[in-house]
Amino acid sequence: MNISIQNIKPESLVLKYGTPLYLYDAAVIDRQIERMRNAFKGLPHRINYAAKALTNIAVLRHMKSRGLGLDVVSVNELRLGLECGFEPDEILFTSNSITMQEVKEAVELGVNVNIDSLSLLERFGEAYRGAKPCSIRLKLDPLIESHTKSAEWHKFSKFGIHHSKIGRVAEISRKYDLKIVGLHVHNSSAFLDVPVYLATADAMFEIAKKFNGLKFIDFGGGITIPFQPDEKAIDVDNLGEKLTQKTNSFYREYGERPEIWFEPGRFLVSECGWLLTRVTVIKENEKALFAGTDTGFNHLLRPALYGSWHEIVNLSNPTGKKRRYHITGNMCETDFLAHNRELSEIREGDLLAVKNAGAYGSCMASNYNSRVRPAEVMIRGGKAYLIKKKETYEDLLRNQVEVDW
Ligand SMILES: Cc1ncc(COP(=O)(O)O)c(C=O)c1O
């Protein structure tokens, strides 16, 4: 069992920075980047890291140093990207329910805006005519019959312009002489598998044939990694091979070779992150054995929000006798990190690692219960770097306004 990262023991970092602590392994990010690059090597492609998954500037700089572009979804994410050295043309701003003011700020900062409603496309056209290019976020109906729950979710998904409205996109772009340089789609990881990906690609390429001069076709993110030990993840090599064949036949028909873009978040950073937490109490109630910890859904929301499963390892007693525990947080709410999980015996004071916590972990953390957010450390080249300080009580007060009632 791997209980150190690049030969650094988590305990040594916890002694220095306390718990809870977010810990990231840059070597895992690099491994995942290489896996993607290798899978899509037959395509002229670009990988834009989805900044929202883990938005720390050290991580953004790491992605930049590895030659990636950036997918951003707010002007502040965009500004962080520029701050970290990304060039405007390496960033795609995917909008969702945003104002024209935000679009203008993004355009002024020099990035391409990805438009996801007919209404915004109309306003973009009025504002810029053909002077600024844009791309279109589409909503396609891929093959999701086998995922009944997700099919229902997909029907009500607010994202993108539905493919049935593509005629209106063409009309609006003719009316304003718009330059549409890219088409984009993002499928949820909840239903994304190779057949869905390829069905989406077919639909996308059909639509692409209606647009001249495309510079890119963007397949978004959604490629996930296995969370549970027996979970099947997308075979990226197989996907890469099949997508390459489809793309090449599209290129032959289209006569040009727009780049194929990807926007992975989870795939790149999920496995790199551990949330380290100290066990504060062991408690046995009538029916269950609880291990209470010093973290909770204020730091890792995914189990509470999505019921997501994260592997948990008892770093202090990895080979101890197995017992079943409910692992809870310290929120004043029902707050489980895991239900009825078999783990090596847990004692008060033990250090647990909650794995796959890199994506949508720290960036979704809050100050609920007036608890501070943890420090974050990244191990890169065999050295541990503090990349975010633990918040303080003063941070909780920083933006509150004292009123003398
Ligand atoms: C537009 C867009 N691109 C990329 C991503 C990244 O998705 P994932 O982390 O599943 O790869 C998301 C996630 O919500 C998204 O909305």
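Student: What should I know before I start?
Tutor: This is a predicted model, where local features need pLDDT of at least 70, side-chain atom pairs count only at pLDDT 80 or more, and totals for chains, interfaces and linings use all residues. Residues are numbered from 1 along each chain as its sequence is written.

Student: OK. How many helices and strands does the protein chain have?
Tutor: The protein chain has 13 helices and 18 strands. Both are DSSP runs, numbered from the N terminus: helices are H or I with at least four residues, strands are E with at least two.

Student: And how big a box do the C-alpha atoms fill?
Tutor: Roughly 65 × 60 × 40 Å, taken along the principal axes.

Student: How much of the chain is buried?
Tutor: Of its 405 residues, 40% count as buried. Buried means 20 or more other C-beta atoms within 10 Å of the residue's own; exposed means 12 or fewer, and partly exposed is in between, with C-beta atoms placed from the backbone.

Student: Which domains is the chain divided into?
Tutor: Domain 1 covers 10-18 + 273-357 + 359-397, and domain 2 covers 26-266. The bounds come from an automatic or database domain assignment.

Student: How far apart are the C-alpha centres of the two domains?
Tutor: The centres of domain 1 and domain 2 lie 33 Å apart.

Student: How many residues from each domain does the contact take?
Tutor: It takes 15 residues from domain 1 and 12 residues from domain 2. Two residues are in contact if their C-beta atoms, placed from the backbone, lie within 7 Å.

Student: Which strand gives the most on the side of domain 1?
Tutor: β17 does, with four residues. By class, that side of domain 1 has eight nonpolar, four polar and three charged residues. Ala, Val, Leu, Ile, Met, Phe, Trp, Tyr, Cys and Pro count as nonpolar, Asp, Glu, Lys and Arg as charged, and the others, Gly among them, as polar.

Student: New topic. Which residues come nearest to the ligand?
Tutor: Of the 16 residues around the ligand, Ala50, Gly221, Glu263, Gly265 and Arg266 come nearest. A residue is near a molecule or strand if its C-beta atom, placed from the backbone, lies within 6 Å of it.

Student: What classes make up that shell?
Tutor: Six residues are nonpolar, seven polar and three charged.

Student: Now helix α6. Which of its residues are buried?
Tutor: Leu120, Leu121 and Phe124, in a helix that spans residues 118-128. Seen down the axis of α6, the buried residues fall within an arc of 100°, so they line one face. The arc is that of the directions from the helix axis to the C-beta atoms.

Student: Why would they line up like that?
Tutor: An α-helix has 3.6 residues a turn, so residues three or four places apart point the same way.

Student: What do the buried residues of α6 pack against?
Tutor: They pack against α5 (100-108), β5 (112-115), β6 (133-139) and α8 (166-176). The face turned away from the buried side carries the exposed residues Ser119 and Glu126.

Student: Last topic: the backbone. Where is the cis peptide bond?
Tutor: It joins Thr19 and Pro20, with omega about -10°. Pro20 lies in the loop between α1 (10-17) and β1 (21-25).

Student: What is the phi of Asn340?
Tutor: Asn340 has a positive phi of about 45°, although it is not a glycine. Asn340 sits in strand β15 (residues 336-344).

Student: Buried or exposed?
Tutor: Asn340 is exposed, with 11 other C-beta atoms within 10 Å.
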